[in-house]
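Please walk through the packing in this model.

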Amino acid sequence: MEPHVGPVPTGDPEFRPYHHPAAGWGAAKSVTRFLTRERALVDGPRAIMRMNHEKTGFDCPGCAWPDDTKGLHLDICENGIKHVTWEMTPKRVGRKFFAAHSVTALSGWSDYDLENQGRLTEPMVYDPDSDHYVPISWKDAFEVVGGALRGLDNPDQASFYTSGRLGNEATFLYQLMARELGTNNLPDCSNMCHEASGRALKASLGTGKGTVDLKDWESADALFILGVNAASNAPRMLTALAEAHRRGAQIVHINPLVEAAATRTIVPHDFTDMALFKPTRTSTLNLQPRIGGDMALLRGMAKAILEQSATDPKALDREFIDRHTAGFDEYRALCEATSWEEIESQSAVGREDILTAARVYGEADRSIVSWCLGLTQHEHGVDTVREIVNVLLLRGNLGREGAGPSPVRGHSNVQGNRTCGIDHRPTDAFLDRLAEVCKIEPPRAHGLDTVGAIQAMHRGEVKVFVGMGGNFALAAPDTPYTYGALRNCDLTVQVSTKLNRSHLVHGRRALILPCLGRTEKDHQRKGVQSTSVEDSMSMVHLSIGMKRPASPHLLSEPAIVAGMARAALPDSPTPWEWYIEDYDRIRDTMAQALDGFEDFNRRVRLPLGFRIKQPARELVFLTPSGRAEFSTAPLPDIVPAPGTLALATMRSHDQWNTTIYSDNDRYRGIKNLRTLVFMNRDDMGERGITELGPVDITSTAKDGSRRHLNGFLAIPYDIPRGCAAGYMPEMNVLCALGDYSTQSDQPIMKHVKVTVEAAV
């Protein structure tokens, strides 16, 4: 096993089921303790007052939930405050730190302790003779990158990864550099998260994004929330859920685990409710399908609506179906041929409960269906998201206020990254326009996604890996295999704010290039610069830092990209240095190259920015038929074989992606423990496993290979039989790289076949 991920536990592991509202005083206390621990009792509150505020503030570097439309002064959440405070730490990691600690020694540290050392302060290069990182000038660092890229036999021997926090301007320059170099090897975190959503929505509606905005959430009659742990992954959604419940909307949560956000909340900025300890419900119905059973449940809802339509013509919106959709008759026949027995078996939800959900949907005039990774990280993730669209189409819940599909993106600008060109499968139309505007000849062959890049690195076919943010080594599946792939590279480059595992799992040569954080002022020749981001509902707005940079030696992400590009492409016609002087110049080029970004510099400075137009919202479907397409996929068989369990990996509450703030998970009642597995109590009893008893976990991949975790502790939990769950990144070792969806190419991290046995 790798070193402990979180901090060293302060006591014995504890499990006490959580029965309190989400957020509220628990969140307030947690934030206060965190600010105190991080010595940010002055800077923290100051940042809180500037976060998610248009024109004068910076966008939260955490989740991609939209900014409040009503000018809310405290549009913040517990995890956002922690994320920003973690970035603003006064601790520093400079040359003295690296001189005192070899890479081998640091490799034995926990991931928490690595990040907890503080902000990186200057570029560093790995010295194999001493096994230490040593300082390097920016000029020399860029030349290391440029020389490695110029020396490749072909451009496809390089891979350019990005996490979801990179701003739009840096994103555009990053993809431009890769394509001018000659490769579409642009893997990103979407390849591991929402790729299924994009492909499904593109096939069904002709657009890879959701169609709703926050105002639609404020006017929907029914909200269906699938595979989302809102209190931890998109906490500001709690405000929308509480407001929906107060106005009488129906809220249906569909998730194998009944998470805290699916019960009650006290929204911290509702001062009266806080003072009176007055919670608001966030659900009217909770359904618990087995892991992977959402598609069957949705098929059951559709079947119920269609059966009702035999006697009630208003059950369907026939005018909408006839005018705007294709494939309805085939879908109706499929639903009729799918038996209730199969639906109940595959979903693990009884017929009456499914009928209840269908009644909620049928009685609502306007419905939104929202989902996250609980639906996408499966073999059949694309089919499941397309089934969501099927259900929406039956009642015309598209192209009107308060209705439509609404994927919940997990990271602040992951959607903007894709919009601005981070796509290993770019369309010809995008490449044609890029060629015309930027005067380059971009490559046309598809590049490598995340899984493909890891495999190619392992085979020695990709020799240079550049990671723009994130912690690739920990985020990717099949941890030992991924480590081996990175170590097989000639050069790995990590652009980062803090020390993490990816700096220690490196190629034969390695660079750490430290960048400004979202909270920091970005000074360039033409003054302090702003960057833009796109939230999960297609709103684009500006973000401007407030703090002095952690070090005078930090560069912005756009400046780092430009420095690498100029070194790799010395004869480039692109005015890299000119772009960095004033980011408005980058935006002017983006306005010409990207659909929806016309008049970018003016529109992004409007109150709340601007929304990228979604054709499907206007009932314009860029599909082969010119209509919204019903899909007719059969239900997959996802019932675990006897003796096996379906395991889903997930985050704890006190965690953001691979950053671990503590070994606690307040909303699930866990303290001092991360190496655990949540199980149904009956499944535990059948295996002779006791509460907090040690267990051994074995996964079996499609190719028959096995992976093991030993000594994890079992937690009895309200989860369907045959299901289990545990934390990433600890459990990523169980996820075989070869087990990826044939529909989306995403690693199957929410449906791992495992056996769990009491440890001897």
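Q: Where is the place of H194?
A: This is a predicted model, in which local features need pLDDT of at least 70, side-chain atom pairs count only at pLDDT 80 or more, and totals for chains, interfaces and linings use all residues. Residues are numbered from 1 along each chain as its sequence is written, and side-chain values use heavy atoms, with hydrogens and water left out. Helices are DSSP runs of H or I with at least four residues, numbered from the N terminus. H194 sits in the loop between α8 (168-181) and α9 (195-205).

Q: Does H194 count as buried or exposed?
A: Buried means under 20% relative accessible area, exposed over 50%, and partly exposed in between (1.4 Å probe, protein chains only). H194 has 4% relative accessibility, so H194 counts as buried.

Q: Which residues is H194 in contact with, leaving aside its neighbours within four places in sequence?
A: Contact means heavy atoms within 4.5 Å. With those neighbours set aside, H194 touches W371, C372, L373, T376, P407, V408, R409 and Q746.

Q: Which residues have the most contacts inside the largest nonpolar core?
A: A nonpolar core is a set of buried Ala, Val, Leu, Ile, Met, Phe, Trp, Tyr and Cys residues joined through side-chain atoms within 4.5 Å. The largest has 64 residues. Those with the most contacts inside it are L149, F160, F172, Y174, L511, L513 and M564.

Q: How are α22 and α29 oriented to each other, and why?
A: The axes of α22 (residues 428-438) and α29 (residues 583-593) come within 9 Å and cross at roughly 135°. Axes are lines fitted to C-alpha atoms, for helices over the stretch in contact, and angles run from 0 to 180 degrees between N-to-C directions. Angles under 35 degrees count as roughly parallel, over 145 as roughly antiparallel, 65 to 115 as roughly perpendicular and the rest as oblique. Therefore α22 is oblique to α29.

Q: Which residues make the contact of α22 with α29?
A: From α22 come R433, V437 and C438. From α29 come T589, A591, Q592 and A593.

Q: How are α23 and α25 oriented to each other, and why?
A: Helix α23 (residues 450-459) packs against helix α25 (residues 479-487) at about 60°, with the axes 7 Å apart. The two helices are therefore oblique.

Q: Which residues make the contact of α23 with α25?
A: On α23 they are I454, Q455, M457 and H458. On α25 they are Y481, T482, G484, A485 and L486.
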